[in-house]
Amino acid sequence: MEQVSSTSERRANVSTSNERSRWREAYATSPAAGSHATTLSGIDLDPVYGPPDAEYPGLFPYTRGIHPAMYRSRLWTMRMFAGFGTAPETNARFREIIAAGGTGISTAYDMPTLLGLDSDDERALGEVGRCGVAIDTLDDVSDLYDGIDLASITTSMTINAPAAAIFAMFVANAEDHGVARAQLGGTLQNDILKEYQAQHEYTFPPRPSLRLVRDTMVFAAREMPRWNPISISGYHIREAGSTAAQELAFTLANGFAYVELALRAGLDIDEVAPRLSFFFNAHIDFFEEIAKYRAARRLYAHWMREVFQARQERSWQLRFHAQTAGVSLTAQQPDNNHARTALEALAAVLGGAQSLHTNSFDEAWTLPSAPAARAALRTQQIIAYETNVTQVADPLGGSWFVEALTDRIADEATQLLEEVRDMGAGSMLEGCLAGIDHGWFEGHIADSAYAHERAVQRGERLIVGVNAFTDDESSPPPPIQTNASGEARQRERLDRVRSERDAAGVARSLAELAAQARDPERNLMPALMDAARARATLGEVTQTLVEVFGRYQAAPR
Amino acid sequence: MTLRVLVAKVGLDGHDRGVNVIARLLRDAGMEVIYTGLFQSPESVARTAVDEDVDLVGLSILSGAHLTLAPLVVDALRALECHVPVVVGGIIPDGDVDALRRAGIAATFGPGSSVDDIVATFEKLHRAATGDDG
């Protein structure tokens, strides 16, 4: 220890402009300056280790992290994702999470809401409140956040096709409860490109969908300084079966497409970039995941500075949320899932995540029960407060293996990024759209998923409890009972709102929305907020927009 | 003989990793596989099964709506006088298996099912349905 740091000191004296001395300056102004940490046995720990000419955290290209002392300055946000049944039921879960020490909330919506359908739509039969919370009107949003201080906690919304309409309901509700839009902090997923590529919860065709994304980005840039209008999500791409490098490449490609979109709308790169955040999977291959996050930061920093000419440091820094891999969990021998989630969460932390959701062990077969969700949060707290891994930034930096893997994933992702750009004749936005049209993304993902499953079927890849060590016959407990009457109660609630609202006002607000939707220059956020306040339903708003924009039909393959 | 199988997604569930992978693995095993694509109604699945003259229908449902949707597909098929076996793959809790059987679902397959088992079951169901003892 002593030896190493005195050697570094000597080198630092030779060249004062080396990376280590630049890091030292950045560290001195960070919230962690002057902090002191030791191991469990009392050995002093530096905030970071490395030779003078290495890369350092907090410095371009941020391979080792975006802050000079990472978690010594600030822990990641323990953001637990929840949503089921009706808004009051999910509200109760949110309150439990906050009471248990969760530092952010994240909303899961049911399938009808994700597709912009009302709970009384015949296509919604059997799906209402099942995979998330059902939202039909502003009144449901009001119930969802009842008693939660929206000015102090940050909220995240996992919604895409109808993101603008749900966002409008959220902002209108907060304002109706006395919280100004400028005070609201949080993240809208709003990443429609990956819906066509992987997740398949789309409604409108790509180009009008991107117009809605543009409108939310511009609205947030102008009026909501604490809001991230888009969370570019590789998570679903990976869950659909991609490799780590594909997850990284496709996600960055989509991110750069949204940057182009915002620039076309007249926003400045340094106005847009600081509000972009990413969402990656934390899968079971420990070192590959860590290398993926490191490669992500490095590639993004270079692209933002060199391709998009961003000038502010914050614009070069890739911030990301991670979620442990749902697909890695098994219904067989479910207790094993605790170990999987803990290892995946540790990879996300060693990879420098800004926020994290840990899956519950029961998510292989059901929505998480409250005790399981609490244990998942406790897993993060054990990593944060017991393991001491938070004291040293990028502890694996300099490992020959991890550095080589980081380079390799960055190279593979760069090749794929260049393919996308070529498909768009130089434009990432057009490249993503062309790739969607041609099934290029889906083809890559399906090939990887198939290769993985074939390896599992042949026993070349082992999954404990599935194709190895299957002797233990423990089976999952019964699934969480989403209240069977939930669907009926949600429909009754919707009936009541429909009967009590001013029908003429709804019709006026929808007619105005349609008129503005026909003018591609208009920002639809104000009209969407007016419709929300008039108690137009999500389904009515979506149908109004479908009549202008059309409905997306995936090409048969 | 070569089995002709229709694999189908009904309802709003967009998760298609499983259905795509299983379609390819069944083809590898020598079956002819037709895939409906996403977001089908029970009626459209039944119509495709009849038009394509398939030997078996496999539904992939990961949203939890299997108790609502799978029986509707069976009913739609029977309404068209189509009596081929219908199976469901996805996240099916043990407690739901009996209800699905009663609704006419011939077999269910959970996560981690082996393709060899799926193929053997399809062949057995087909033999039973056609009265062909092989």
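# Worked exercises on a two-chain predicted model

Strand 10 of chain A and strand 11 of chain A pair in the parallel sense over three bridges, where pairing requires that DSSP finds at least two bridges between the strands. The model is predicted, so that local features need pLDDT of at least 70 and side-chain atom pairs count only at pLDDT 80 or more, while totals for chains, interfaces and linings use all residues. Residues are numbered from 1 along each chain as its sequence is written, and chains are lettered from A and ligands numbered from 1 in the order in which they are written.

## Exercise 1: strand 10 and its neighbours

Trace the chain from strand 10 of chain A to strand 11 of chain A, and state the handedness of the crossover.

*Solution.* Begin with a pair of facing residues: Gln323(A) stands opposite His357(A) in strand 11 of chain A. Helices (H or I, at least four residues) and strands (E, at least two) are DSSP runs, numbered from the N terminus. Strand 10 also pairs with strand 9 of chain A, in the parallel sense and over five bridges; Thr324(A) in strand 10 is the bridge partner of Ala282(A).

Is strand 10 of chain A enclosed or open, and which residues lie on each side?

*Solution.* A residue is buried if 20 or more other C-beta atoms, placed from the backbone, lie within 10 Å of its own, exposed if 12 or fewer, and partly exposed in between. Five of the five residues of strand 10 of chain A are buried, so this strand is largely enclosed by the rest of the structure. In a regular strand the side chains alternate between the two faces of the sheet. Here Phe320(A), Ala322(A) and Thr324(A) lie on one side and His321(A) and Gln323(A) on the other, and both faces are covered.

## Exercise 2: helix 14

*Solution.* Just after the helix, Gly352(A) takes a positive phi of about 90°.

## Exercise 3: a loop proline

*Solution.* Pro205(A) sits in the loop between helix 7 (193-199) and helix 8 (206-223) of chain A, and with 16 other C-beta atoms within 10 Å it is partly exposed. Contact means that the C-beta atoms of two residues, placed from the backbone, lie within 7 Å. Leaving out residues up to four places away in sequence, Pro205(A) touches Phe549(A), Gly550(A) and Tyr552(A). Between Pro205(A) and Gly550(A) there are 345 residues in sequence, yet their C-alpha atoms are 6.7 Å apart in space.

## Exercise 4: backbone exceptions

Most residues other than glycine have a negative phi, and most peptide bonds are trans. Compare Asp394(A) and Asp53(B), which both have a positive phi, and locate the cis peptide bond at Pro61(A).

*Solution.* Asp394(A) has a phi of about 40° and belongs to the loop between helix 15 and helix 16 (400-423) of chain A; with 26 C-beta neighbours inside 10 Å, Asp394(A) counts as buried. Asp53(B) has a phi of about 55° and belongs to the loop between helix 2 (42-51) and strand 3 (56-61) of chain B; with 10 C-beta neighbours inside 10 Å, Asp53(B) counts as exposed. The cis bond runs from Phe60(A) to Pro61(A), with omega near 0°, and Pro61(A) is in the loop between strand 2 (44-45) and strand 3 (77-82) of chain A.

Definitions and conventions
Right-handed = clockwise from strand over helix to strand, strands pointing away.
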